[in-house]
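Visitor: Please walk me through a few features of the model shown here, giving the general idea before each case.

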Amino acid sequence: MRLAKYLAQCGIGSRREACRLIEAGRITLNGHIARHTDPIRLGESLNCLDNIELDGSPITKTETLAYWILNKAVGTDCRLLEQDETSLIHLLPKAPRLYPVGRLDKDSRGLLLLTNDGELTHKLMHPSFAHSKTYHVRLDRPFTDEFVEQMASGVQYKEVRTLPCQVTRLSAMSFEIALTQGLNRQIRRMSSALGYKVIDLQRVSLMTLTLESLAEGAMRPLTQQEVAVLKAAVTI
């Protein structure tokens, strides 16, 4: 098994985060700085036969996978930085160890999935799987039907042309948009390219998960049924 995949299964983060840790030289394998190409030896019971450490602390495989949902408030930074008082890391429980699946901008709010399941994170975040995320967006002024059509058909900004998506008007100044892409600040940049400014952006669903009555700033573990339905949807 590749090192990054194993680290993700251990609950230290997604495969992407595991790769960052390897590149930073923070992972050691049997006393040596680890490389991406290093394989992991597993015993018959799938226990690791190698000594793996992060910043000098041994890494062991996560015993129990956990899945939580957070209704993120504006002002919370999804980067897990201890030195940042606004970081999400200060809201997370000490156990189980959780990390966010993707990010919501600091000035955005809404649904954020938290887990230590690296494989699920990989499938939800990798663009080839094209899983949907739905947002409610409020602009700085009323918009036209042409704006809705342009957003839905794809918008050009810088070197990017966004993929077609579903857009539904909610009011004179707000709309719902369902994306399968996950480009940085995508909705804000799409709106800006068409001459509008986003003043409120809320993620209301991720695949089969919705906020329902979860209060802003609150979090809760997913039910077994929610986890089962989500995993089933991911594997379709």
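Visitor: How many strands form the open sheet, and in which order?

Guide: Strands are DSSP runs of E with at least two residues, helices are runs of H or I with at least four, both numbered from the N terminus, and two strands pair if DSSP finds at least two bridges between them. In this predicted model, local features need pLDDT of at least 70 and side-chain atom pairs count only at pLDDT 80 or more, while totals for chains, interfaces and linings use all residues. Residues are numbered from 1 along each chain as its sequence is written, and side-chain values use heavy atoms, leaving out hydrogens and water. Here four strands form the open sheet in the order S2-S1-S3-S4, with antiparallel pairing; S2 (32-33) and S4 (57-58) are the edge strands, each pairing on one side only. Two bridges join S1 (residues 27-29) to S2, and Thr28 stands opposite Ile33 in S2.

Visitor: Which residues of helix H3 are buried?

Guide: An α-helix has 3.6 residues a turn, so residues three or four places apart point the same way. Buried means under 20% relative accessible area, exposed over 50%, and partly exposed in between (1.4 Å probe, protein chains only). In H3 (residues 118-125) the buried residues are Gly118, Leu120, Thr121 and Leu124. Seen down the axis of H3, they fall within an arc of 160° and so line one face of the helix, the arc being that of the directions from the helix axis to the C-beta atoms.

Visitor: Is Gln181 buried or exposed?

Guide: Gln181 is buried, with a relative accessible area of 16%, and lies in the loop between strand S12 (174-179) and helix H5 (186-193).
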